[in-house]
Amino acid sequence: MNKQIILKKRPQGLPEKDTWELQSNPVPEPGDGEVLIQQHYVSLDPAMRGWINDSKSYIEPVKIDDVMRAGSIGEVIKSNNHPKFNEGDVLTGWGGVQQYAVSNGDNWYKVDPNLASLPTYIGTLGMPGMTAYFGILEVGKIKEGDVVLVSGAAGAVGSVVGQIAKIKGCKVVGIAGGEKKCNYIKEELGFDGAIDYKSENVHTAIKRECPKGIDVYFDNVGGEILDAALARLRMHARVVICGAISQYNNKENVNGPSNYLSLLVNRATMQGMVVMDYAKDYGKAAQEMGGWIAQGKLKSKEDVYEGIENFHETFLRLFSGEKMGKLVLKVIED
């Protein structure tokens with residue numbers, strides 16, 4: 001049987017357990033030109049919260065009674081005349097939160113499990129890593145000597161953003177929640193400074209850590225922290241809007257920035273980014289980041305939990321902060 005997480009309703013605020021339903025259905029058979037993939041891991045990302053809203057976005061919402069959308073990685077266990085993929089190939093793509101997926105191969109990519117662990121391919125070498133790479137390099141346009149501030153700095157995207165900025169010769173300060181995460185980004189990832197938003201005033205701490213201001217702010221959280229960063233922009237600063245996790249479960253209106261006039265005064269730019277816009281260059285990015293990992297310049301951390309039946313409580317770790325690095329759910333049963 002194929003255990004699947006099915007969307008049953010559109011939540012208001014933080015999703016409750018009955019937002020989804022765990023179902024067991026027969027394992028599907030691949031049609032002509034298709035493959036059957038036994039999924040090993042699925043990626044849990046903050047964007048999933050937006051995908052279950054029935055509102056206009058960069059991607060269609062997940063339909064009620066459909067499998068919950070998610071990035072995934074697994075092994076081809078049956079190929080029915082597929083032109084590219086054979087049994088035994090390890091593929092990563094959009095398989096959803098389920099144990100088996102059938103695909104014609106569109107938007108699935110073959111990876112080498114000998115070069116990196118499978119969770120890494122849906123983390124640092126997957127969508128979060130690509131988001132970090134293109135967000136900081138193409139949108140943030142960092143250059144050597146820039147002062148870079150990153151929120152959500154211990155998370156899947158922020159941790160990679162900060163490390164790439166260090167590789168490129170920037171001063172990097174991260175904002176994270178709690179002493180453990182702040183120590184992690186400084187001592188293990190090499191950030192130059194850390195701000196604990198749970199125990200100190202963020203405005204004051206940004207001034208302390210970035211006394212000359214900020215050249216690039218990479219925002220994963222929105223809300224009051226975005227507002228605090230805007231107040232410290234330097235001339236021609238760049239603000240990258242990647243996410244706003246502090247606002248995703250709001251029942252009222254989104255809390256937008258009141259310090260936006262800083263963009264005018266400092267001739268700064270604020271630009272949103274969606275990783276799918278850079279799909280044609282994923283291969284190039286993965287090759288470069290794979291090289292950095294091999295050289296020890298880029299560290300990858302995955303926080304792996306087991307059991308598809310634990311999807312809901314694991315998903316909530318995205319919003320409680322009870323995780324480090326990339327959140328991954330193992331769905332294959334040993």
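Visitor: Does Arg208 count as buried, exposed or partly exposed?
Guide: The relative accessibility of Arg208 is 46%. Buried means under 20% relative accessible area, exposed means over 50%, and partly exposed lies in between (1.4 Å probe, protein chains only). Because its value is 46%, Arg208 counts as partly exposed.

Visitor: Which pLDDT is required before side-chain atom pairs count?
Guide: Residues are numbered from 1 along each chain as its sequence is written, and side-chain values use heavy atoms, with hydrogens and water left out. This is a predicted model, in which totals for chains, interfaces and linings use all residues and local features need pLDDT of at least 70, while side-chain atom pairs count only at pLDDT 80 or more.

Visitor: With which residue does Arg208 form a salt bridge whose closest N and O atoms are 2.8 Å apart?
Guide: Side chains of opposite charge can pair when their charged atoms come close. A salt bridge is a side-chain nitrogen of Lys or Arg within 4 Å of a carboxyl oxygen of Asp or Glu. Arg208 forms a salt bridge with Glu209, where the closest N and O atoms are 3.0 Å apart. The salt bridge at 2.8 Å joins Arg208 to Glu200.

Visitor: How many salt bridges are counted?
Guide: Some of the charged residues are linked in a network of salt bridges, namely Lys143, Asp146 and Arg238. By the distance rule given above, the count of salt bridges comes to 15.

Visitor: With which residue does Glu322 meet in a salt bridge?
Guide: Glu322 is placed in the loop between helix H11 (317-320) and strand E15 (326-330); helices (H or I, at least four residues) and strands (E, at least two) are DSSP runs, numbered from the N terminus. At 48% relative accessibility, Glu322 counts as partly exposed. Leaving aside residues up to four places away in sequence, Glu322 touches Asp303, Tyr305 and Arg317, a contact being heavy atoms within 4.5 Å. The salt bridge, at 3.9 Å from N to O, joins Glu322 to Arg317.

Visitor: Which residue's side chain makes a polar contact of 3.3 Å with Gln98?
Guide: Gln98 sits in the loop between strand E5 (90-93) and strand E6 (100-103), and its relative accessibility of 10% is why Gln98 counts as buried. A polar contact is a pair of N or O atoms within 3.5 Å; within protein, one must be able to donate a hydrogen and the other to accept it, and residues adjacent in sequence count only if both atoms are side-chain atoms. A polar atom of the Gln98 side chain lies 3.5 Å from the backbone oxygen of Tyr100. The contact of 3.3 Å between side chains joins Gln98 to Asn2.

Visitor: What distance separates the C-alpha atoms of Gln98 and Val331?
Guide: Not counting residues up to four places away in sequence, Gln98 touches several residues, including Ile308 and Val331. Gln98 and Val331 are 233 residues apart along the chain, yet their C-alpha atoms are separated by 7.2 Å.
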